[in-house]
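Student: I have a model open and would like to learn how its labels are decided. Could we go through it together?
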Amino acid sequence: MELYLVRHGKTDWNAQGKLQGSIDIQLNQEGKQSAIELGEKLKGIDFDRIYSSPLKRAHETAQLICGERKIPIFTDERLREISFGVMEGVTYEEWTKPESPYRFFFQEDVSQYNPPKDGETIDSICARTKQFVQQVIEPLNGQCQRIMIVGHGALLAATLCYLENHGKEKFWAGGLKGNCGVVSFSFDGKNYSRLPDNL
């Protein structure tokens, strides 16, 4: 079985350098066009089903990738982006102020990251993505040939921690791409192997 991980298309908040997290921001025109173009690139690849974050920017990306194809799309709360709590909506400039340690630790040393008030921990997002893959994706091995997950930057980084079997100290080591970026894996029932990047 193959598993494709896709990050959502661009939003105005992406363009403005704002932290989105769990806030439900929709795609902008560039994000919609990128999702349509990715759908064109993937049109020769058959997917049995798509799982998406319930947030608009991911779900709409999934719909635009499908285009005319009748691929069932399922949403799951465990695929929501990490919450940045009270810091959601602020700019990266504010996030990186000397008195604000969040971004340094979040981007470079997540083992020491303590989320802002009402935010989610790295351990939490890693646990829920692992649970989702184990409970939803892996039982489909043998029934489905190819599955797509459409999510978010930190959400997919957490998923890669499980797929590539490394700890949170290498949270960003998966080489995630930008908006509408894709990474893919094969699953033999026990282990995941990363497939060559060809998109």
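Tutor: Gln143 sits in the loop between helix 6 and strand 4; helices (H or I, at least four residues) and strands (E, at least two) are DSSP runs, numbered from the N terminus. This is a predicted model, where local features need pLDDT of at least 70 and side-chain atom pairs pLDDT 80 or more, while totals for chains, interfaces and linings use all residues. Residues are numbered from 1 along each chain as its sequence is written, and side-chain values use heavy atoms, leaving out hydrogens and water.

Student: Why is Gln143 called exposed?

Tutor: Buried means under 20% relative accessible area, exposed over 50%, and partly exposed in between, with a 1.4 Å probe and protein chains only. Gln143 has 61% relative accessibility, so Gln143 counts as exposed.

Student: What does the side chain of Gln143 reach?

Tutor: The backbone oxygen of Pro139, at 3.1 Å. A polar contact is a pair of N or O atoms within 3.5 Å; within protein, one must be able to donate a hydrogen and the other to accept it, and residues adjacent in sequence count only if both atoms are side-chain atoms.

Student: Is His166 buried or exposed?

Tutor: His166, in the loop between helix 7 and strand 5, has 17% relative accessibility, so His166 counts as buried. A polar atom of the His166 side chain lies 3.5 Å from the backbone oxygen of Lys170. Leaving aside neighbours within four places in sequence, His166 is in contact (heavy atoms within 4.5 Å) with Leu160, Cys161 and Phe171.

Student: Now the rings: what makes the pair of Phe84 and Phe106 edge-to-face?

Tutor: Rings of Phe, Tyr and Trp (its six-membered ring) pair if their centres lie within 6.5 Å; planes under 30 degrees apart count as stacked, over 60 as edge-to-face and the rest as tilted. By this rule the count comes to 12 aromatic pairs. For Phe84 and Phe106 the centres are 5.2 Å apart and the planes stand at 80°, so the pair is edge-to-face. Phe84 lies in the loop between strand 3 and helix 4 and Phe106 in helix 5, so the pair ties together parts that are 22 residues apart in sequence.

Student: How do you know whether Phe84 is buried or exposed, and what about Phe106?

Tutor: Phe84 has 6% relative accessibility and counts as buried; Phe106, at 5%, counts as buried. Phe84 and Phe106 belong to one aromatic cluster with Trp95, Tyr102, Tyr113, Phe171 and Trp172.

Student: How do you know that the span of helix 6 agrees with what it should be?

Tutor: The expected span is 1.5 Å times one less than the number of residues. Helix 6 has 16 residues (122–137) and should span 22 Å; its end C-alpha atoms are 21 Å apart, which agrees. Among the buried residues of helix 6 are Ile125, Phe132 and Val136, and the partners they pack against include helix 5 and helix 7.

Student: Why does one side of strand 3 and of strand 6 have no neighbour in the sheet?

Tutor: Two strands pair if DSSP finds at least two bridges between them. The 6 strands form an open sheet in the order 3-2-4-1-5-6, with mixed pairing. Strand 3 and strand 6 stand at the edges, each with a single partner strand, so one side of each is left without a neighbour. Strand 5 and strand 6 pair in the antiparallel sense over 3 bridges, and Ser186 stands opposite Ser193 in strand 6.
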